[in-house]
Amino acid sequence: GTAFGSANAATGINIMLENDGNKVMVSGATGSSSGITMKITAPNGNTAAVGQIDSPDTQTMTYTTSFKVAGTTWAKDGIYTVIITQGTNEATAKIEATNGEIVRLFDFEGSYKDTEKMDHDMEHQTKDTMMEE
């Protein structure tokens, strides 16, 4: 599938989305081993879903989860925002859906403890990388 995400999570957290049919794979790297929360907001601003993600792998400092794009949660057409939070660090990515199906994945931002500008030169560049299965 096509993957989109931010670059560096040395002191923060990042997010990458990959489209796998009607399933979205969410992964990223982090500088901390504390718990991670994922929230999805609908185009109208309502919370579509909230969940706890397993703590990062302490060897690789990465996290992974996935969710299906189906059902009433995805009934509204438009842009859904996926927000990953760990402590004070946050990373976001977006999903455009129509008729409960993924149209495209895009956009990302990450916030970092040290300086808000750190690695933000990546903020408005979309990564478009073909992943090897």
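Student: What relative accessible area does Met61 have, and how should I read that value?

Tutor: Residues are called buried under 20% relative accessible area, exposed over 50%, and partly exposed in between, judged with a 1.4 Å probe on protein chains only. Met61 has a relative accessible area of 22%, so Met61 is partly exposed. Before we go on, note that this is a predicted model, in which local features need a pLDDT of at least 70 and side-chain atom pairs count only at pLDDT 80 or more, while totals for chains, interfaces and linings use all residues. Residues are numbered from 1 along each chain as its sequence is written, and side-chain values use heavy atoms, with hydrogens and water left out.

Student: Where does Met61 lie, and what is its phi?

Tutor: Most residues other than glycine have a negative phi. Met61, however, has a positive phi near 55°, and its place is in the loop between strand S5 (47-53) and S6. Asn99 also has a positive phi, near 50°, and lies in the loop between S8 and S9. Asn99 counts as exposed, because its relative accessibility is 65%.

Student: You speak of strands; how many helices and strands does the protein chain have?

Tutor: Both are DSSP runs numbered from the N terminus, with at least four residues (H or I) for a helix and at least two (E) for a strand. Here the protein chain has zero helices and 10 strands, which gives ten β symbols in a row when the pattern is read along the sequence: β-β-β-β-β-β-β-β-β-β.

Student: How much of the protein chain is buried?

Tutor: Of the 133 residues in the protein chain, 38% are buried. The accessible surface, computed by the Shrake-Rupley method with a 1.4 Å probe, comes to about 7,200 Å² for the protein chain, and 46% of that surface belongs to carbon and sulfur atoms.

Student: Which residues have the most contacts inside the largest nonpolar core?

Tutor: A nonpolar core is a set of buried Ala, Val, Leu, Ile, Met, Phe, Trp, Tyr and Cys residues joined through side-chain atoms within 4.5 Å. The largest core in this model has 23 residues, and those with the most contacts inside it are Ile15, Val24, Val26, Phe67, Ile84 and Ile95. Two or more residues of this core come from each of strand S3 (23-29), S4, strand S6 (62-68), S7, strand S8 (89-98) and strand S9 (101-110), and S8 gives the most, with four residues. Take Ile95 as a case, where a contact means heavy atoms within 4.5 Å: leaving out residues up to four places away in sequence, Ile95 touches a list of residues that includes Leu17, Val24, Phe67, Trp74 and Leu105.

Student: How many aromatic pairs are there, and how is each pair described?

Tutor: A pair of aromatic rings is described by the distance of the centres and the angle of the planes. Rings of Phe, Tyr and Trp (its six-membered ring) pair if their centres lie within 6.5 Å, and planes under 30 degrees apart count as stacked, over 60 as edge-to-face and the rest as tilted. By this rule there are two aromatic pairs. Phe67 and Trp74 form a stacked pair, with 5.9 Å from centre to centre and 10° between the planes, whereas the rings of Trp74 and Tyr80 are tilted because their planes stand at 40°, with centres 4.3 Å apart. Phe67 and Trp74 are both buried, Tyr80 is buried as well, and ring pairs link Phe67, Trp74 and Tyr80 into a cluster.

Student: Which residue does the side chain of Glu96 join by a polar contact?

Tutor: A polar contact is a pair of N or O atoms within 3.5 Å; within protein, one must be able to donate a hydrogen and the other to accept it, and residues adjacent in sequence count only if both atoms are side-chain atoms. Glu96, in strand S8, has a side chain joined to that of Arg104 by a polar contact of 2.6 Å. Glu96 and Ile79 are 17 residues apart in sequence, yet 4.4 Å apart in space from C-alpha to C-alpha.

Student: Where is confidence lowest and where is it highest in the protein chain?

Tutor: The predictor's confidence in each residue is its pLDDT, from 0 to 100. The lowest mean is 38, in strand S10 (residues 129-130), and the highest is 95, in strand S4 (residues 36-41). The protein chain averages 76, and 71% of the residues score at least 70. The value stays under 50 over residues 1-9 and also over residues 111-133. Where pLDDT is low, the predicted coordinates should not be read in detail.
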